[in-house]
Amino acid sequence: DDIARERDRFERVIAANRDGIWDWPDVKQDEMWWSPACYKMLGYEPGVIPAKYSAWGNLIHPDDQETLRQTSVPTQERCYVELHRKFESRMKNKSGQYRWYHHRAIIDHSEDGVPIRMTGSVADIHDRKTSEIQSVEEIRRRDDFLAMLSHELRNPMGAVLNAIRLLDAELPGKGEVEADNKESGPPPHATRIIERQTKHMARLLDDLLDVARFGRSKIEFRKQRVDLCALAEDVLEAIDFEISAKRQILRAEICSGPLCVVADPARIKQAQVNLLSNACKYTPETKEIVYSIERDESDAVITVRDFGEGIPKDLLSCIFDLFVQADESLARPSGGMGVGLSLARSIVEAHDGSISAASDGPGKGSTFQIRLPVTAGLPKKSPPSPHVDFHGCSLLLVEDNEDARSMLARSLQLH
């Protein structure tokens, strides 16, 4: 009775299971056992195809045969102690179409550790797999578009910046105008506004271009020993314009150096500037932002703390995801595209570091922290640049954008 009851229970479980169940009792032989669901998901009636390993292998897509060989039971000369295996492959059904399936198995071994039996299941995952493939393709097309868009817009932006500098240099009475503005307090001169906004647009485009490069794994890092304490001066200089524009107070707390890490100095500077720019963006005018660098055992710790808008708790877990912003309305006063923090995370993780965000909620400010492994030694000193006299030399300027070429040529002529 117990045997009959267990057999009935087994048959009911097999019948209720939508996944196919199979058993390969002796991996030295070709014979297998397939449940009816194995046949059904392939469009066959039970028994139409012989339940053999060779028949199963013939249904696998040619491009997935190597995966089957690598994940199937190894030859008897090789011993394994693993208990489970799983892989995905395409199999041809009765209509001749290939669909995606997920295979999972357990392995029995002899006393010598040699595989002797496999039992497993197979599930139809075609819809899910197709959706995943489409998502990957859509992401690839998005990254290609962002790279193309950023590149195409970056060229005319350079021409605009050079034109602004030329206009500014040729503007009569510039010094008197700026002096009057400083005393009377009217809006900055028009060229200053154009230059500031154009630089902001150029930086947004640079971030977009870098995001696309990271998505296609085309970012190159020139790593070397970098003193973060010395690099902090460049970081502060890069962010000074934004801080000054909002009359904010930036308090720098830099430990006594050197504090060295192995990094691409330009990229690590970019990650820090992005955090400070984010703090500046979400902190009200005249408020304070704290930028600190310290050592914590084997890590260099870079912290940016602000007392601005804060981050909702439900956004903390995804704040570094691409295009994520606390305020997604078009009327948001802070602006931005939600790429700076994502780019900072990509840069930090590429340097074997970590980045985190913390906030007690809206209106309570936020804290961002970068941790990088400290390295021994000091940065190599750059050799002094040799003096080169370019007097009498001609310069060949190669640029396919006519406006950019013209403005760059005139800018060079000024010097």
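1. The buried residues of H8 pack against strand S6 (224-227), strand S7 (249-254), strand S8 (260-263), helix H9 (265-281), strand S9 (288-296) and strand S10 (299-306); contact means heavy atoms within 4.5 Å. Those buried residues are Leu228, Cys229, Leu231, Ala232, Val235, Ile239 and Ile243, where buried means under 20% relative accessible area, exposed over 50% and partly exposed in between (1.4 Å probe, protein chains only). Helices (H or I, at least four residues) and strands (E, at least two) are DSSP runs, numbered from the N terminus.

2. This is a predicted model, in which local features need pLDDT of at least 70 and side-chain atom pairs count only at pLDDT 80 or more, while totals for chains, interfaces and linings use all residues. Residues are numbered from 1 along each chain as its sequence is written, and side-chain values use heavy atoms, with hydrogens and water left out.

3. H8 (residues 228-245) has 18 residues and, at 1.5 Å a residue, should span 26 Å, which agrees with the 26 Å between its end C-alpha atoms; the expected span is 1.5 Å times one less than the number of residues. H8 has a kink of about 45° centred on isoleucine 239. The bend at a residue is the angle between axes fitted to the seven residues ending there and the seven starting there.

4. Strand S4 (residues 98-109) and S5 run antiparallel and are joined by nine bridges; two strands pair if DSSP finds at least two bridges between them. Tyrosine 101 has aspartate 124 in S5 as its bridge partner. Five residues lie between the strands of this hairpin, and glycine 113 takes a positive phi near 85°. S5 (residues 115-124) also pairs with S1, in the antiparallel sense, over five bridges, with aspartate 23 opposite threonine 119.

5. Five aromatic pairs are found in the whole structure. Rings of Phe, Tyr and Trp (its six-membered ring) pair if their centres lie within 6.5 Å; planes under 30 degrees apart count as stacked, over 60 as edge-to-face and the rest as tilted. Tryptophan 24 and tyrosine 53 are stacked, at 4.3 Å centre to centre and 15° between the planes. The two residues are 29 residues apart, tryptophan 24 in strand S1 (residues 20-24) and tyrosine 53 in helix H3 (residues 53-59). Tryptophan 24 is buried, at 5% relative accessible area, whereas tyrosine 53 is partly exposed, at 23%.

6. The pair of tryptophan 34 and tyrosine 39 is tilted, because the ring centres are 5.3 Å apart and the planes at 50°. Both residues are buried. Ring pairs link Trp34, Tyr39 and Trp56 into a cluster.
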